[in-house]
Amino acid sequence: MTVDGNTRPLEDGIVTDFSQRMSYSSYLALDELLAAQRPQSVPVHHDELLFIIQHQTSELWIKLLLHELRAAKDSIRLDDLPTAMKRIARCKHIQETMTQQWSVLATLTPTEYVQFRGFLASSSGFQSYQYRALEFVLGNKNAKMLAVFDSEPQARELLQTLLDEPSLYDEFLRYLSRQGFDIPAPVLERDVTKAHVFTPELVPVFAALYEDAHRNWSVYEACEELVDLEDNFQLWRFRHMRTVRRTIGMKTGTGGSTGVDFLQRALSLTFFPELFAVRTEIGS
């Protein structure tokens with residue numbers, strides 16, 4: 001057999017007959033996946049595919065984040081902190097990938113976007129139930145958000161479940177209590193359907209933990225992992241806001257929000273406020 005010097009021949013063991021075998025395409029359901037990009041613009045605008053793929057891939061990454069964070073939450077509840085930290089370490093890499101993705105969408109200029117933006121109608125990222133689920137898992141809960149998903153029963157059911165469950169931070173604070181740390185009773189007994197708010201009584205607990213880091217190494221390290229998780233989330237929010245500002249300026253969002261101003265205000269929301277407040281106290 002003559003082989004072109006710039007052609008790699010197939011190895012004898014490589015499977016080529018998939019009539020009775022599972023293929024790469026069937027395992028990943030590529031027919032369905034690659035048919036899920038359905039531009040709405042008429043005529044179809046070249047850049048709408050970028051816009052759709054950017055948001056669909058973000059939803060896939062958020063699905064994986066939810067998978068990992070819910071598992072981490074369960075591990076903490078079972079006092080398996082190492083496994084929880086392994087899950088969170090993976091989440092941090094997912095977050096970095098999601099943040100970097102904004103640079104691709106930022107290549108969409110205002111002139112290009114305006115040519116198909118009207119075809120989005122009232123659809124908006126604000127309506128992403130997975131994003132809301134992610135915020136609920138991390139502790140930024142808001143029962144009023146459930147009404148947005150009245151027309152999506154499965155989405156609403158998921159959000160209701162996560163609203164009623166302790167957040168990742170709730171489970172971590174309960175874990176600390178079981179490990180002998182003096183977590184105030186009102187924190188342990190609080191209404192978990194509400195967003196966690198800054199609790200000054202927790203700051204001395206974390207200050208003592210940080211000041212004796214070597215004795216408390218595993219929980220000290222876990223605290224820093226949670227700080228990384230929040231920092232990465234804020235970077236994603238910030239990059240989102242800047243990309244929106246670059247693309248539509250100060251226009252109203254397609255879903256009716258104030259757009260950039262709405263996204264800017266989200267930057268003030270925090271999941272683990274005491275883990276940031278303690279930094280002021282250390283060494284003071």
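The sulfur of Cys 91 sits 17 Å from the closest cysteine sulfur, the one in Cys 223, and that is too far for a bond. I start there because a disulfide needs two cysteine sulfur atoms within 2.5 Å. What you are looking at is a predicted model.

How many disulfides does a search of the whole structure find? It finds zero.

Are these two cysteines buried or exposed? Cys 91 is buried, at a relative accessible area of 0%. Cys 223 is buried as well, with its relative accessibility at 0%.

Now the chain as a whole. The protein chain has 284 residues, and 40% of them count as buried. The C-alpha trace spans about 70 × 55 × 40 Å along its principal axes. As for contacts, take those between residues at least 6 apart in sequence: 71% of them join residues at least 24 apart.

Next, the interior. In soluble globular proteins, nonpolar side chains tend to be buried together. Here, the largest nonpolar core holds 66 residues. Which of them touch the most other members? Those are Leu 176 and Phe 206. Helix α11, residues 217–248, gives the most to this core, eleven residues.

Let me stay with Leu 176 for a moment. Setting aside neighbours within four places in sequence, Leu 176 has contacts with Phe 181, Ile 183, Phe 206, Leu 209 and Val 219.

Last, some empty space. Rolling a probe the size of a water molecule over the atoms shows where such space is left. The second largest pocket contains about 150 Å³ of it. What lines this pocket? The lining is made up of Tyr 24, Tyr 27, Leu 28, Ala 29, Leu 30 and Leu 33. Two helices, α1 at 24–27 and α2 at 30–34, each supply at least two of the lining residues. By type, the lining has six nonpolar residues, no polar ones and no charged ones.

To go back to where I began: the search of the whole structure finds zero disulfides, and Cys 91 and Cys 223 have their sulfurs 17 Å apart.

How values were computed. Residues are numbered from 1 along each chain as its sequence is written. This is a predicted model: local features need pLDDT of at least 70, side-chain atom pairs count only at pLDDT 80 or more; totals for chains, interfaces and linings use all residues. Side-chain values use heavy atoms; hydrogens and water are left out. A nonpolar core is a set of buried Ala, Val, Leu, Ile, Met, Phe, Trp, Tyr and Cys residues joined through side-chain atoms within 4.5 Å. Buried means under 20% relative accessible area, exposed over 50%, partly exposed in between (1.4 Å probe, protein chains only). Helices (H or I, at least four residues) and strands (E, at least two) are DSSP runs, numbered from the N terminus. Contact means heavy atoms within 4.5 Å. On a 1 Å grid over the protein atoms alone, a cavity is a set of points where a 1.4 Å probe fits but cannot get out, and a pocket is an open set with protein on both sides within 12 Å along at least five of seven lines; lining residues have an atom within 4 Å of a point. Grid points are joined across faces, edges and corners, and a volume is the space filled by probe spheres set on the points. Ala, Val, Leu, Ile, Met, Phe, Trp, Tyr, Cys and Pro count as nonpolar, Asp, Glu, Lys and Arg as charged, and the others, Gly among them, as polar.
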